[in-house]
Structure formats: structure tokens, C-alpha cells
Amino acid sequence: MEEKKLGIFFVSKNNYQLYDIWMNESDVENYTILNIDEDSTPENKKIGREVCKKYGIHYMDREIKGLQNNIKSACNFFKEKGIEWFIWFQHDCYPLTKNFFSKFDNLIKSGKINGFGVVGFKVQHEKYQMFSRSPLQYPREEMWVRSSIDKPINENYLKPHLIESAAWMCASLNINQFEKHIIPTTDYQFFHSWDDIAFQFLYKNIPNLCIPYFEFSHEQTVKKQYKIPVKSPLAKNKEEEKQREHYYGHFNHHKVWEKRWGFNYDKGETFENIKDHYKSTLIYDLYNHNIHSGPLKTFEI
């Protein structure tokens with residue numbers, strides 16, 4: 001049997017109920033799945049171990065707090081098994097492409113994506129098709145590179161193309177590139193962790209990629225069945241803030257981002273003040289590009 005080069009990765013925190021739906025929606029094609037628990041309650045850890053045993057998932061308690069450190073732990077786990085890439089999922093995001101895992105595995109084995117850092121995909125989210133996150137563009141253009149599902153988009157976005165950051169309902173990672181170029185931080189717990197990794201790659205001129213012919217569906221409404229907040233970042237009062245902490249950890253990622261990168265994530269125009277620091281990097285090139293003209297660069301993959 002040919003050795004697999006792809007792994008599947010989840011980080012869970014008090015949300016193991018969602019695994020039943022995910023496993024029923026997804027054909028994992030016998031690929032190795034790792035679950036890292038990020039400080040669930042003792043009761044939920046017990047549930048998590050039972051769920052993972054049920055589905056043949058490797059269960060691990062987190063080593064160092066925060067998604068970026070969980071990613072480092074996952075790199076170590078998969079590398080020992082000869083696996084070169086993994087794809088990380090939110091629990092409400094499912095592959096739509098038939099036999100996605102084996103197709104992506106074959107692409108890894110071809111060597112065509114060796115030079116990339118983070119690879120994302122086209123994700124159907126409510127009425128939109130999402131291609132990537134684009135904080136450098138907002139509010140001049142859009143926080144996301146996206147299009148309404150029923151409307152055409154610049155045809156070059158349907159080709160593999162350079163991106164700022166993946167539409168991180170799911171994202172895949174080149175383990176070798178991560179180990180060479182990324183310094184994990186405990187400053188983030190969940191939100192913006194993937195964006196930060198993507199920007200670390202761009203700062204070193206390692207490109208990130210969207211492969212839009214691989215498609216996924218982000219179905220947040222499944223959380224309603226288990227009284228998990230549908231819109232994870234939203235909290236209107238102290239009780240909802242406490243609930244958000246229960247599932248996602250602290251919520252100071254905007255402050256962390258601005259301190260690390262020098263601009264406000266939600267106000268891309270603030271990058272203008274510090275743009276000269278990023279000259280000769282892909283971050284600078286992407287900032288000076290208008291996303292409505294199409295991607296900055298496409299690839300034959």
C-alpha cells in the first residue's frame with residue numbers, strides 16, 4: 001500500500017458533539033486523524049476520548065496552549081508517520097469534492113505544491129463562495145475574497161492563485177515549510193492564528209495558495225443542535241462572552257495582531273503607515289494589488 005502524505009487535524013474544546021455530524025458528512029478514506037484537546041472541561045475530555053475511540057481518531061491533550069502551538073504538536077505527530085502535510089478543519093466544515101483526501105494527497109506527492117506554506121480552498125459559506133482572507137484590502141475592497149454563489153467572479157480566481165491567508169474554515173499546511181519558517185506564539189488562542197502563520201510565510205516570500213477546484217461547505221447552523229454559538233465571534237453580553245471563552249479561549253486577537261504586524265486587522269488602510277517596513281515582501285506586493293482585477297498571481301497546478 002502506498003504511503004500517505006496527508007493527515008487530518010482537529011483542535012477541540014468542549015464541542016465533541018459535532019464529530020458525529022462531521023464523520024457522517026465526510027469520507028476520510030482511511031486517512032490518519034489527530035484530535036488535540038485545548039483545555040476542555042474534565043467531563044468533555046472524557047466525552048472526547050470516547051468519541052475519538054469510536055471513530056479511530058488519535059486523541060491528545062494539548063502540550064502548550066494556543067492553536068499555533070497545537071499546530072506545532074500536530075507537525076511533530078504527523079512527521080513521525082512520514083506525513084508531509086495536514087489539513088485542519090473547523091468542526092462545521094466538510095469537503096464537497098469527492099475523494100478529496102486522496103486527490104489532495106496525490107497533489108502533494110506530485111511535488112507541485114512543495115514551495116507553498118498555507119494552502120486553502122474554495123469554501124461555500126451561506127450565500128458566498130470564499131476563496132481567501134484579505135485583511136490588507138479592507139475596507140478599500142473586502143475582508144474576504146469572495147463572490148455570491150449565483151454571480152460570476154473573475155475567471156482567474158477559479159485557477160490556483162496566490163492569497164494573503166486561507167479562508168480558514170479549513171486550511172492545509174506544509175509541515176516542512178512550517179518547521180523552517182514559522183515561530184509559534186502563545187499570544188493567540190484561536191482567532192487569527194492561521195492569518196498570522198500565513199503572514200509569517202509572506203514576510204519570508206513563501207507564497208500561500210488557494211486551490212479553488214477543491215470545494216468545501218461551511219455549515220455553521222449545525223451548532224444549533226447542541227446550543228453552541230452559531231456565530232463564534234459574536235457576544236452581546238457577559239454571559240455570551242463567558243460562553244465564547246468556553247469554546248474558543250480569550251478574545252484579544254485584534255490587539256495581538258496589531259502589536260505583531262503594526263496595523264489594524266479590521267482597517268487595512270492603517271497598513272499605509274507602516275508599509276515601507278514590508279518592502280520586498282509578498283505582504284507589500286499584495287497590499288498594492290487590487291483584488292477586483294483578479295489574483296496577483298496564478299499557478300498551473
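A charge sits over a ring if NZ of Lys or CZ of Arg is within 6 Å of the ring centre and within 35 degrees of the ring normal. With that in hand, look at R146: its charged end sits over the ring of Y128, 3.9 Å from the centre. Keep in mind that this is a predicted model. Here's a quick tour of its rings and one of its helices.

**Charges over rings**
- R146 has its charged end over the Y128 ring, and the distance to the ring centre is 3.9 Å.
- K4 lies over the face of Y31, with 5.0 Å to the ring centre.

**Rings paired with rings**
- To describe a pair of aromatic rings, you give the distance of the centres and the angle of the planes.
- You'll find 39 aromatic pairs in the structure.
- One of them joins W257 and F263, edge-to-face, with 5.9 Å centre to centre and 85° between the planes.
- W257 and F263 are both buried.
- Another pair, F271 with Y287, is tilted: the centres are 4.7 Å apart and the planes make an angle of 50°.
- F271 is in the loop between α8 (253-261) and α9 (282-287), while Y287 is in helix α9, so this pair ties together parts 16 residues apart in sequence.
- F271 and Y287 are both buried too.

**Helix α6**
- How many of the 11 residues in helix α6 (residues 193-203) are buried? The count is 10, so to speak a mostly covered helix.
- Among the buried residues of α6 are W194, F199 and F201, along with D195 and D196.
- After α6 comes N205, which has a positive phi, near 60°.

Terms used: Residues are numbered from 1 along each chain as its sequence is written. This is a predicted model: local features need pLDDT of at least 70, side-chain atom pairs count only at pLDDT 80 or more; totals for chains, interfaces and linings use all residues. Side-chain values use heavy atoms; hydrogens and water are left out. Buried means under 20% relative accessible area, exposed over 50%, partly exposed in between (1.4 Å probe, protein chains only). Helices (H or I, at least four residues) and strands (E, at least two) are DSSP runs, numbered from the N terminus. Rings of Phe, Tyr and Trp (its six-membered ring) pair if their centres lie within 6.5 Å; planes under 30 degrees apart count as stacked, over 60 as edge-to-face and the rest as tilted.
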